[in-house]
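The sequence and structure come first.

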Amino acid sequence: MDVVDPSTGTRIETYEEHTEGDVTEALDRATETFDDWRTRSVRDREQLLATAGEVLRDNKREYAETMTREMGKPITQAIAEVEKCAWVCDHYAEYASTYLDSDPHPSPPGSTVETEYEPLGPVLAVMPWNFPFWQVFRFAAPYLTAGNVGLLKHASNVPGCALAIEDVFREAGYPEGVFQSLLIPSDLVDDIIADDRVRGATLTGSGPAGRAVAATAGEHLKKTVLELGGSDPFIVLDDADIGSAAETGAWARNLNGGQSCIAAKRFIVHTDVYDDFLDAFVDEIDSFVVGDPMDEKTDIGPQARQDLMEELHEQVAESVDAGATVVTGGEPIDREGVFYPPTILTDIPEGCPVDSDETFGPVATVYEVADEDEAVSKANDTNFGLGASIWTENRDRGKRIASRIDAGCVYVNQLVKSDPRAPFGGVKDSGYGRELSEAGIKEFVNRKTVWVE
Ligand code: NDP
């Protein structure tokens, strides 16, 4: 596996792929370890998780640099990502026992009926490169603490991150086999899911990858959780605080170089504030520093891969051919590495690529709408349903509109974010199942009914 630094375009490391024999050994190890791991108390597993959080904090610079080198995330954002991983470890170290406590049910006199939550076994996680630590900890912290064991097939461009995460668990004192990284191409995934020892699969990534994993898992009756793409609306109403909406909106679109499933992608703005918002939004976007991701002053680094940037630019170019107007950006930056400028498009023709597909990079589309109803209808006019952000000074109005949006999460006067305390996931083509919070830890458990007469 060759790792290319996207800020220079040069190959910086080569990793040996694991063979099918290595995968078999890893599955054997996972199964053996599970037999013991599942018998440990949740308290025991919580303590190990708390130690994993400490390992993350102690080595945050090193882990952050691995991310930045492999996929180009600005270093300050990479450090924040490692800190967030430590936070999710703290969260489940504190709450896993409570979340997994048995639940009593109404029962006939003289009987007790309860649900107990037991682990399922080895779970395969197929993960993407965009938040190469966070996406992994988001599954590993809850699922391992519930007593499952994890196998990670990470994206092929971040093998160093995959091995570093394995090290976190090793250093924290986890038994070998509780968490293993497999450096394998995606065509080995089907066989792993089909293996009798594997009890479930979770994937974060594109729709096609999600469909492929779900199809195989369906054939073999394995549980799945899918966190796929999004085309999140960011609605600015006539009573919004325009300065805050523009500032937060600019970050909501461009954090991580715009390569986020929950980035704000479609800005839907009430006609009364459209000009004011657009002016403020352009100012914010034009103030971003694009450059070397290792420089702490950089806001936007390179895109993660050349092919993905080319796809993004094709979406922009086709949309402009169809009639969209470029307000700022719109052409790859002429320098070494894979750099795309923060871009704003207006006059978006219905059905053009930036209107109907996910744009995974720093490209914002801005729409002008006449009223609240048109805003809601435009927000829901997408196959995706991950998140949405609504801006209004009237909190009740915000809540009322939130209930009309088809999405897994809606934030009022805030950008969409994932937080260990709140369930996270989508509807429609954005996937199914929930990560984080109590909902997340209960995705890969046997909800066992125990009736005692
Ligand atoms: P993919 O969805 O292809 O990759 C995500 C993960 O899935 C990787 O580990 C990948 O492995 C694996 N994978 C890919 N195809 C299959 C398959 N058929 N069976 C099993 N596993 C598979 O994303 P890309 O990196 O190619 O990015 C393409 C687009 O996907 C982006 O432009 C963006 O729109 C979307 N995306 C969405 C993300 C999100 O957070 N929702 C994250 C990343 C991408 P390998 O790397 O070896 O191919």
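Strand 3 and strand 4 (residues 112-119) pair in the antiparallel sense over three bridges. His-105 has Val-113 of strand 4 as its bridge partner. The model is a predicted one.

Both strands belong to an open sheet of three strands, ordered 3-4-20, with antiparallel pairing. Strand 3 (103-105) and strand 20 (445-452) are at the edges; each has a single partner strand, so one side of each lacks a neighbour in the sheet. On average, neighbouring strands of this sheet are turned by 30° against each other, direction ignored.

A second topic is helix packing. Two packed helices are described by the angle between their axes and the distance between the axes. Helix 9 (residues 242-254) packs on helix 10 (residues 274-286) at an angle of about 50°, and their axes are 9 Å apart. Angles under 35 degrees would count as roughly parallel and those from 65 to 115 as roughly perpendicular; helix 9 and helix 10 are therefore oblique to each other. Their crossing is right-handed. The residues that make the contact are listed by helix below.

| Helix | Residues in the contact |
|---|---|
| Helix 9 | Ile-242, Ala-245, Ala-246, Glu-247, Gly-249, Ala-250, Asn-254 |
| Helix 10 | Asp-276, Phe-277, Ala-280, Phe-281, Glu-284, Ile-285 |

By residue class, the contact of helix 9 with helix 10 has eight nonpolar, two polar and three charged residues.

Key. Residues are numbered from 1 along each chain as its sequence is written. This is a predicted model: local features need pLDDT of at least 70, side-chain atom pairs count only at pLDDT 80 or more; totals for chains, interfaces and linings use all residues. Side-chain values use heavy atoms; hydrogens and water are left out. Axes are lines fitted to C-alpha atoms, for helices over the stretch in contact, and angles run from 0 to 180 degrees between N-to-C directions. Helices (H or I, at least four residues) and strands (E, at least two) are DSSP runs, numbered from the N terminus. Angles under 35 degrees count as roughly parallel, over 145 as roughly antiparallel, 65 to 115 as roughly perpendicular and the rest as oblique. A crossing is left-handed if the near helix is turned anticlockwise from the far one by less than a right angle, and right-handed if clockwise. Contact means heavy atoms within 4.5 Å. Ala, Val, Leu, Ile, Met, Phe, Trp, Tyr, Cys and Pro count as nonpolar, Asp, Glu, Lys and Arg as charged, and the others, Gly among them, as polar. Two strands pair if DSSP finds at least two bridges between them.
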